[in-house]
Amino acid sequence: DMKPSEELEFLNNFIKLTPDSAIKRDMLTEFIDNRDKILLLDSDSILYKVVHFWVDKEPDLVLMFEDFCNQIQEMVNTIEDDGFNIIDIQYYFTTCRSNFRYELTDTYKANREDNPLRELAIELMHYALNQLKELGMYVDHSDTLEADDLISIYVKEYGHKNVITCSIDKDLKQIVGAHFDYFKVKTEQIDVFGEQIREYKGWRYTTPQEGLDLFLEQMLIGDKSDNVEGVKGIGKVKAPKLLEDKTNFSKLLTVARLYDDMDRVRLNVKLMRL
């Protein structure tokens, strides 16, 4: 994916744009004009990334928290190298034991079992929460909402032109605005130790139309990680094709007809919409 400045330059090369592309150009222009940004961090994903490295080692919460902070600092440095000034970092965690989605269905996340990885992640989360609060950082969590729910709320409160959402969570990319995906992918470059260099997956800017399209695609695909069933036989390749070249009303009708069960449509909207 292109950096915001690169995507704007690409769009500005066209003499005439489609209405959707023109909207994206204008939103990117507004976003780039204000260089001061607040980072909204989906801290859960970073915690799990740290824990994956430590799960087979002797756990040391002090060193793990240092690793957590170093990964965030590396991310901040990369974003600032891309031309933005980070004026605040806000940390969002999922601590809820009474998630409102559990009241909608007893199958939500029912595929997740306690294991050493999850237990260590929870231990590190509570340690990180306390350490960040002691450092005076902005930390938020809820008894009923997940981290991505909270981030969605604050993007709307601050205005999408003023924030950057940092996460590897595909669900969050339905939220309008700038996203920085900190998942690292291999490149063709080799470092001095003979290892392939990894780079951040990087930027994606979501317009309202793209956010709706991503959500409707997810409605068709479902979400295996949360144990939310979509439409049988439809995956990430087929879903976009079923919705392309349609009006929004036709897209909604397509999703409803493929489900053939309006109760499940309503349920999945509540489970997956941010």
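This short talk goes through the sheet, the helix packing, the cysteines and a few single residues of the structure shown above.

What we have here is a predicted model, in which local features need pLDDT of at least 70 and side-chain atom pairs count only at pLDDT 80 or more, while totals for chains, interfaces and linings use all residues. Residues are numbered from 1 along each chain as its sequence is written, and side-chain values use heavy atoms, with hydrogens and water left out.

Let me begin with the sheet. Six strands form an open sheet of mixed pairing, in the order β3-β2-β1-β4-β5-β6. Strands here are DSSP runs of E with at least two residues, helices are runs of H or I with at least four residues, and both are numbered from the N terminus; two strands pair if DSSP finds at least two bridges between them. The edges are taken by β3 (138-140) and β6 (196-206), each of which has a single partner strand, so one side of each is left without a neighbour in the sheet. From one strand to the next, the twist averages 30°.

As a reminder, strands of a sheet pair through backbone hydrogen bonds, either parallel or antiparallel. How many bridges join β1 to β2? There are seven, and these two strands run parallel, with Leu41 standing opposite Tyr91 in β2. The pairing of β2 with β3 is also in the parallel sense, over three bridges, and there Gln90 has Tyr138 in β3 as its bridge partner.

Helix α3 (residues 43-54) touches β1 (36-42), β2 (85-92) and β5, and its direction makes about 60° with that of β1. Helix α4 (residues 61-81) touches β1, β2, β4 (163-166), β5 and β6, and its direction makes about 145° with that of β2. For these angles, axes are lines fitted to C-alpha atoms, for helices over the stretch in contact, and the angles run from 0 to 180 degrees between N-to-C directions.

Turning to helix pairs, helix α1 (residues 4-12) and helix α2 (residues 19-33) pack at an angle of about 140°, with their axes 10 Å apart. That makes α1 oblique to α2, given that angles under 35 degrees count as roughly parallel, over 145 as roughly antiparallel, 65 to 115 as roughly perpendicular and the rest as oblique. Among the residues that make this contact are Leu8 and Leu11 of α1 and Leu28 and Ile32 of α2.

Helix α8 (residues 208-221) and α10 also have their axes 10 Å apart, but here the angle is about 10°, which makes α8 roughly parallel to α10. The contact includes Leu212, Leu216 and Met219 of α8, together with Leu252, Val255 and Tyr259 of α10.

Next, the cysteines. With a disulfide taken as a pair of cysteine sulfur atoms within 2.5 Å, the count comes to zero disulfides. The sulfur of Cys69 has its closest cysteine sulfur in Cys166, 15 Å away, which is too far for a bond. Is each of these residues buried or exposed, where buried means under 20% relative accessible area, exposed over 50% and partly exposed in between, with a 1.4 Å probe and protein chains only? Cys69 counts as partly exposed at 27%, whereas Cys166 is buried at 0%.

Thr254, in helix α10 (residues 248-259), is buried at 15% relative accessible area, and, leaving aside neighbours within four places in sequence, Thr254 is in contact with Leu242, Leu243 and Lys246. Asn268, in helix α11 (residues 262-272), is buried at 3%; its contacts, with neighbours within four places in sequence again left aside, are Met219, Val228, Glu229, Tyr259 and Arg273. Leu150, in helix α7 (residues 147-158), is buried at 6% relative accessibility, and, not counting residues up to four places away in sequence, Leu150 touches Tyr92, Phe93, Asp140, His141, Ser142 and Leu145. Leu150 and Phe68, finally, are 82 residues apart in sequence and 20 Å apart in space, C-alpha to C-alpha.

Definitions and conventions: Contact means heavy atoms within 4.5 Å.
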